[in-house]
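Me: I have a model open and would like to learn how to read its features. Could you walk me through it?

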Amino acid sequence: RAEHRSFPPESWIPLLPATNPSNRQEDWEYVIGFCDQINKELEGPQIAVRLLAHKIQSPQEWEAVQALTVLEAGMKNCGRRFHSEVGKFRFLNELIKVVSPKVSPGWGGDPPPRGALGRPGRVSLLCGCRLSP
């Protein structure tokens, strides 16, 4: 009989405030805590990428932008195992959905706080590419 596992695992729930849409700015304590959790657990990179893919697709723009901040922090702090998961087609396809007007013509939801870069711009910066106007 297969064991039912909830997602995200309980150990990851306290880290969800890193992408809370009611945050007025990024909460770096939680962002770094998220990175620490990725590095600490054997399945950390796989769990993190699943969580981030879901958050990046959020209808709430600010939640998605914060998820991209967490992704960027993970790329800088979490090493090869995390990089490998992010580089898989499944996750990259989720990023493409964010910037492709054919797949996602409008983002809707609340805009990010003033001065914050929106979702397509963040993905563009993370990928090192330029979006055409």
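**Pocket, helix and core**

Reply: Gladly! The largest pocket has a volume of about 210 Å³. This is a predicted model, where local features need pLDDT of at least 70, side-chain atom pairs count only at pLDDT 80 or more, and totals for chains, interfaces and linings use all residues. Residues are numbered from 1 along each chain as its sequence is written, and side-chain values use heavy atoms, with hydrogens and water left out.

Me: Which residues line the largest pocket?

Reply: In general, a pocket is an open set of points on a 1 Å grid over the protein atoms alone, where a 1.4 Å probe fits, with protein on both sides within 12 Å along at least five of seven lines; lining residues have an atom within 4 Å of a point. The volume is the space filled by probe spheres set on the points, which are joined across faces, edges and corners. Here the lining consists of Gln-46, Val-49, Arg-50, Ala-53, Glu-85, Lys-88, Arg-90, Phe-91 and Glu-94. By class, that lining has 5 charged, 3 nonpolar and 1 polar residues (Ala, Val, Leu, Ile, Met, Phe, Trp, Tyr, Cys and Pro count as nonpolar, Asp, Glu, Lys and Arg as charged, the others, Gly among them, as polar). The most comes from α2, with 4 residues.

Me: Which residues of α5 are buried?

Reply: Helices are DSSP runs (H or I, at least four residues), numbered from the N terminus. Buried means under 20% relative accessible area, exposed over 50%, and partly exposed in between (1.4 Å probe, protein chains only). In α5, Phe-91, Glu-94, Leu-95 and Val-98 are buried. Seen down the axis of α5, these buried residues fall within an arc of 95 degrees, so they line one face of the helix; the arc is that of the directions from the helix axis to the C-beta atoms. The face turned away from the buried side of α5 carries the exposed Phe-89 and Arg-90.

Me: Which residues touch the most other members of the largest nonpolar core?

Reply: A nonpolar core is a set of buried Ala, Val, Leu, Ile, Met, Phe, Trp, Tyr and Cys residues joined through side-chain atoms within 4.5 Å. Of its 24 residues here, Phe-34, Leu-52, Ile-56, Leu-71, Phe-82 and Phe-91 touch the most other members. The helix α2 gives the most to this core, with 7 residues.

Me: How much of the protein is buried?

Reply: Of the 133 residues, 41% count as buried. The protein has 6 helices and 0 strands.

Key. Helix = DSSP H or I, 4+ residues; strand = E, 2+ residues; numbered from the N terminus.
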